Amino acid sequence: MATMKLGSKAEAFQLEGQTWQASFHLTLRCLTELASDVVIEVGEMSFHLHKFPLLNRSGLLGRMISEFRSEDGKACVLHLHDIPGGAKAFELAAKFCYDIRIELNATNVVPVRCAAEHLLMTEDYVGGNLITRTDNFLGEVLGSWKDTIKALEACESVLPHAEDLHIVSRCINSLASKACSDPSLSAWPVGGHAATKSSQGSGSCSSSRTPWNGIVTREAPTSALADWWYIDASFLGLPLFKRLILAMEAKGMKPENVAEALIYSAKRSLPGLSGGSTAARMTPGISISAASESEQRVFLEEIVDLLPMNKGVISTRFLLRLLRTAMILRASPSCRENLERRTGAQSHPWLTESEREQICQLINCQKLSLEACTHAAQNERLPLRLVVQVLFFEQLHLRSSIAGWLFVSDRVENSQAPHANLALQKSSNVAIQADISEEQENDDHHVDVDDMRSQVLELEKECLSMKQEIGKLGKPRSSWNIFSRKCGFGVKSQSVAGGK
């Protein structure tokens with residue numbers, strides 16, 4: 001890991017307390033002959049410092065000190081609870097003001113850079129101030145894959161500030177360029193999380209892997225060094241991981257490599273894909289914290305949205321596992337429909353009849369749209385059982401609609417008689433008015449009933465047309481009679497459709 005040492009003086013700060021993780025208030029004092037004249041509160045920690053070193057380096061602290069008004073001679077107390085990076089980043093910035101030796105690395109340089117920006121530690125106060133020094137070191141960090149990964153992970157803790165300073169975009173562009181370059185020429189060293197994947201150090205991958213049970217399974221061969229970045233990328237948070245994948249696609253990453261990275265990340269984060277986190281088991285020393293169901297659902301939907309649309313890039317078997325997991329996690333309808341489309345046009349040319357049957361068992365025929373039903377009825381590659389189910393449920397839906405309309409029309413006609421009888425029991429003057437209103441009401445009812453009857457006739461025509469289509473489907477298929485006998489349907493179209 002790249003490092004940079006700043007400052008020349010020995011350590012002069014003393015922490016009063018137990019550890020950084022203690023729940024009680026911690027105090028850090030600068031041990032000099034002069035008593036501290038300013039106290040800076042950062043979260044649960046107090047820094048007892050001196051005004052002069054701070055005024056020479058920080059524009060923000062200089063302004064806050066000058067604006068402070070003491071009450072009853074109390075010491076100057078300033079609050080910096082909103083500083084990015086918190087107390088740890090401010091400690092390094094404060095030591096830099098005292099010229100005390102500090103060490104920057106790929107993990108802490110991002111929060112320190114953001115803290116320096118917040119404190120206004122610019123060249124206007126002194127040459128070689130903290131902003132300039134951290135910017136220069138970031139340039140060195142971005143030259144290494146493993147250091148850039150660490151810096152990008154550190155961005156998540158100070159994300160809004162790192163975004164404003166364009167550190168996130170710089171890291172992502174650097175990683176995308178390295179991953180898209182020719183691995184045989186660049187030979188980027190594998191570091192960070194990926195170092196546990198292979199002891200070869202070159203990042204090359206083998207076509208065989210040893211999972212948790214010790215049984216070696218063969219996988220589809222991949223090009224040499226093609227997947228050396230998968231593990232490191234999968235440890236990023238979902239927003240940064242998504243941006244990295246999109247940046248790699250924009251720089252010309254092959255769809256096959258993008259798909260493999262997404263598959264690896266999905267297996268690592270979604271235990272439901274394989275009954276456990278396969279990727280985690282194949283990576284010794286890495287533990288995966290279980291995510292909630294809602295987090296898994298969001299991750300699944302994002303992964304499905306990122307999958308390349310190129311045919312043949314992703315295996316049908318994995319798409320089916322994704323679809324199964326999407327149903328278990330109750331993913332959005334658009335996510336499930338996306339997977340259903342990809343497992344249907346993509347899978348049928350290469351699957352056997354029994355495999356097609358297994359795929360179609362995942363489809364809920366009752367929820368198919370009219371367009372999907374039409375496609376199913378005309379697709380000769382679909383199993384006959386699915387076609388019959390689609391047509392049956394479609395006809396059942398039409399019959400239910402017709403029955404509903406007929407029931408409503410009967411209720412309307414029966415409700416007219418009592419109104420006429422009531423009108424005869426009233427006085428002559430009231431009867432005349434009642435007859436007029438009753439006549440208008442009957443006219444309205446007749447209009448409604450006529451409209452209902454016309455719609456019922458349309459539905460009956462559609463039902464008849466559906467029966468005729470079922471009859472046509474039965475003629476060209478040689479397996480229709482055999483399948484009909486197994487399922488208990490008659491040869492005639494009326495019987496197949498659940499007819500009379």
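Modeller: Two strands pair if DSSP finds at least two bridges between them, and the helices (H or I, at least four residues) and strands (E, at least two) are DSSP runs, numbered from the N terminus. This is a predicted model, in which local features need pLDDT of at least 70 and side-chain atom pairs count only at pLDDT 80 or more, whereas totals for chains, interfaces and linings use all residues. Residues are numbered from 1 along each chain as its sequence is written, and side-chain values use heavy atoms, with hydrogens and water left out.

Colleague: In β7, which residue is the bridge partner of Lys 5?

Modeller: Strands β1 and β7 run antiparallel and are joined by 4 bridges. Within β1, Met 4 and Leu 6 make up the covered face, while Thr 3 and Lys 5 make up the uncovered one. In a regular strand the side chains alternate between the two faces of the sheet. Across the pairing, Lys 5 has as its bridge partner in β7 the residue Glu 103.

Colleague: Which residue in β5 does Thr 27 stand opposite?

Modeller: Strand β3 (residues 26-30) has 4 of its 5 residues buried, where buried means under 20% relative accessible area, exposed over 50% and partly exposed in between, with a 1.4 Å probe and protein chains only. On the β2 side (residues 13-16) the pairing is antiparallel over 4 bridges, and there Thr 27 is the bridge partner of Glu 16. With β5 (residues 45-49), β3 pairs in the parallel sense over 4 bridges, and in that strand Thr 27 stands opposite Ser 46.

Colleague: How far apart are the C-alpha atoms of Ala 233 and Ile 149?

Modeller: Ala 233 is found in helix α10 (residues 230-234) and is buried, with a relative accessible area of 0%. Leaving aside neighbours within four places in sequence, Ala 233 is in contact (heavy atoms within 4.5 Å) with Phe 241 and Leu 244. Although Ala 233 and Ile 149 are 84 residues apart along the chain, their C-alpha atoms are separated by 7.8 Å.

Colleague: Beyond near neighbours in sequence, how many contacts has the stretch of residues 275-289 in the model?

Modeller: The chain averages a pLDDT (the predictor's confidence in each residue, from 0 to 100) of 74, and 65% of the residues score at least 70. Over residues 275-289 the pLDDT is below 50. Where pLDDT is low, the predicted coordinates should not be read in detail. With that caution, the contacts of residues 275-289 beyond near neighbours in sequence number 24.
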